[in-house]
Amino acid sequence: RPPARRASAAMPADRQQEEDFQRFLRRVDDVANLVQSLNSTDPDVREKALVEAEKRLHDQESSREEESKAVVNRTVINTQASDTASAEAVNKDDFLAILEKDAKERAKQRKRNEHLANALKEKGNGAFRKGDYVEAIQRYTEGLEKLKDKQELYTNRAQAYLKIHEYEKAISDCEWALKCNEKCIKAYFLMGKAHLALKHYSESRLCYEKILQIDPQKESLFKDCMIEVNLELKRIKDEERAMKEVQSGKLAALSIKELLQKLDRPDQNLLYYTGGIRLLTGAVNACTEQTLFRTNNGFSILKDNEVLRRGFCAEKKTSAEVDLCVSLLFLWQAVCAGNEENQRLLLTCSDVNAQLPKLLSSGVPEIQKETLALISLYSENENGRRLLVRHQDLTRWLQILMTFVNSTDARASSAMNILSDLSEEEGFKTQCRVMLSMGVLPLFTQLLTSAKLVNQPALAHCIGIMGNLCADVVIRKQMAECKECWKACLKLLDECSEVNTPKYQECLFAVLGLIMNLLLESNGIIQHFAVDLSARCMYLLGEKDGRIVTRAIGVLSHVLPASSSAVEEVVKGGMVKKIIKFLKAGGQITSSYGIKTLSVCTRSNRQAQEDLVKSDKKFNVLLKLLESENEMIVGNAAFCLGQCLEVPGAATSLLNSTVVMMLLKHAGGDATRTSVQENAAIALGKLCVAEPRHIVQLRKLNGLAILNSAMKYVHS
């Protein structure tokens, strides 16, 4: 049931309409059940249904007046059959035929009505999209006249009622929609909005809680709705508190109104307005002043004052206009800091909304600095970021903010922090797709190739942000298909031997992470660059910074599967011996990348297999990795071992070791990854084929059954 509405005088017509509707729904269910029973294969059920049908016809004949009140259009059972004779005289077969005919006719009529209702719904949707909400309501109403139980028409009409502030009517339509479908999430959502607008906070919360009960996957929607309720409550309380301070005659509260009135004077010079704005900024010290700024129409100062608006929006600003603009930005920071309602209202100001990206691109350091500071108030919290996504066209923001990597002052770090915060929002990622190929990637490529000249800490941050954006499949695909981007990444890797400063090392570390993310894709461009990229990573294995070494191995583990030529080159360069060295001392991440790299190389390269047997005496490293709790490491270690057992003498070197017991444990284990069991079983089979003396140990461990089951993997 929907949350109880507040007591109101219900119109008799509304009550009658609801009673008719409920009667109609019951009648549909009863008739449907009766027809189903009449067609039952169970004779007893069929006989009872016939008796019930005869009783109904008799009741219709004897009480027509009562029946007529309960009839709902297109659902009434044809009563003409009962006019020819009493119910008791009707032949049972004839009655069944009449009933079935009537049901078919009603089904056809409903189909016609549904078609008409859908057409009217689409007309209503068209009017809604155009903003003609009255016309939309009319069309939805006409649709409901055709099909009274169509839930979408009720919820669509409720949405239109919300737009024209007819909140009670919206609630009524939502309640009707819930009679049609008690789990209609849209109805609860719209009803919650309507109750919130009427300041029915408890009822609004109940509606949103219902959404979560119906679908726990809607937690994000529920969270947003509850935040909206809480913010509205806070707004009301703030305004009540501010009003009390005004009524008590507190000077700080009164000064806000007085200063706004002075700024409202028309046709003053810019110096007058700039000075007034600075005084106003100084007067805003707490939530009360922020609230009074809002309630005294402080956000309309641009709209209501042509001199202010013209100075703020000027493309090529004079020094006086720059001072005015900076003063306004300071003011908005003061009134929006920690105040979600003021943040929302500022973004609904059309001039501010349009000017923010222009201010960022203005090239005036003072304006850019304070614009970044203002935007940071939004990006630092979840609600603020969502406001930006909702109210701002962010398609060019990635490109605009990325240009600050060229700045040598605090603007660079401010811009990167904003980008980092925004990259957490799915809505921002979606908007970034639009300008990525044409605007962002050419700029990003230019920054990578100029790594020695730009703000390197900001560049490292920027590269990391682009790596995070690669979580979006569309963005990652576009970047991975950009040949110039790959060239720029390789150039940055090349320059590490020339520039070995800590700042440059951070850029190197970041670009390796970006490359790993891009290598989640597979395309011809990656294959083209695989050999060059592998060679750069082989060089980086000599770096002193362990983080860079780990990521270089990670890139190798991702790029080598794309190119057999790359595998051949790194094996010739002594890669196996180097990786074994890192595996002996490495942590879990290094081990994961390292053993994956070895598994790629030993899969098809005989020299890699032989190098591993030489470098890892008695397979001590691989045996240690088989004891890991990480299933991916275990699976790849078992795979490498199985490949290397093809080398003569390798299996013999494992006699008197615990290898049989370990492989048997994994082959018969319950690892989540089936590749663990398969690779262990294959290795076990190869071990016993290459060196039959291992079968003795296998028998002692009662493992022949597992070996037999493993042979299918060996043969395949």
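Analyst: Phe-619 is located in the loop between H33 and H34, and the model in which it is seen here is a predicted one. Phe-619 has a phi near 55°, which is a positive value in a residue other than glycine. With a relative accessibility of 1%, Phe-619 falls under the 20% limit and therefore counts as buried.

The H31 residues in question are Met-575, Val-576, Ile-579, Ile-580, Phe-582 and Leu-583, each of which is buried. They span an arc of only 165° around the axis, and so they are on the same side of H31. On the other side of H31, the exposed residues are Lys-577, Lys-581, Lys-584 and Ala-585.

Of the partners of H31, helix H32 can be described in more detail. Two packed helices are described by the angle between their axes and the distance between the axes. For helix H31 (residues 575-585) and helix H32 (residues 588-604), the axes come within 9 Å and cross at roughly 155°. Since angles over 145 degrees count as roughly antiparallel, H31 is roughly antiparallel to H32. The crossing of H31 and H32 is left-handed. In this contact, Met-575, Val-576, Ile-579, Ile-580, Phe-582 and Leu-583 are the residues on the H31 side, while H32 contributes Thr-590, Ser-591, Gly-594, Ile-595, Thr-597, Leu-598 and Cys-601. Sorted by class, the contact of H31 with H32 comprises 9 nonpolar residues, 4 polar residues and no charged ones.

His-165 is found in the loop between helix H6 (151-163) and helix H7 (167-180), and although His-165 is not a glycine, its phi is positive, at about 65°. The relative accessible area of His-165 is 54%, which is over the 50% limit, so His-165 is exposed, whereas Phe-619 is buried.

Two further buried residues lie elsewhere in the chain. His-200, in the loop between helix H8 (185-197) and helix H9 (201-214), has a relative accessible area of 9% and is buried. From His-200 to Val-229 there are 29 residues in sequence, and their C-alpha atoms are 9.8 Å apart in space. Asn-342 belongs to helix H17 (residues 340-347) and is buried at 0% relative accessibility. Apart from neighbours within four places in sequence, Asn-342 has contacts with Gln-290, Arg-294, Phe-299, Val-335 and Cys-336.

As for the whole protein, there are 39 helices and 0 strands, and 49% of the 716 residues count as buried. Of the contacts between residues at least 6 apart in sequence, 70% join residues at least 24 apart.

Definitions and conventions
Residues are numbered from 1 along each chain as its sequence is written. This is a predicted model: local features need pLDDT of at least 70, side-chain atom pairs count only at pLDDT 80 or more; totals for chains, interfaces and linings use all residues. Side-chain values use heavy atoms; hydrogens and water are left out. Axes are lines fitted to C-alpha atoms, for helices over the stretch in contact, and angles run from 0 to 180 degrees between N-to-C directions. Helices (H or I, at least four residues) and strands (E, at least two) are DSSP runs, numbered from the N terminus. Angles under 35 degrees count as roughly parallel, over 145 as roughly antiparallel, 65 to 115 as roughly perpendicular and the rest as oblique. A crossing is left-handed if the near helix is turned anticlockwise from the far one by less than a right angle, and right-handed if clockwise. Contact means heavy atoms within 4.5 Å. Ala, Val, Leu, Ile, Met, Phe, Trp, Tyr, Cys and Pro count as nonpolar, Asp, Glu, Lys and Arg as charged, and the others, Gly among them, as polar. Buried means under 20% relative accessible area, exposed over 50%, partly exposed in between (1.4 Å probe, protein chains only). The arc is that of the directions from the helix axis to the C-beta atoms.
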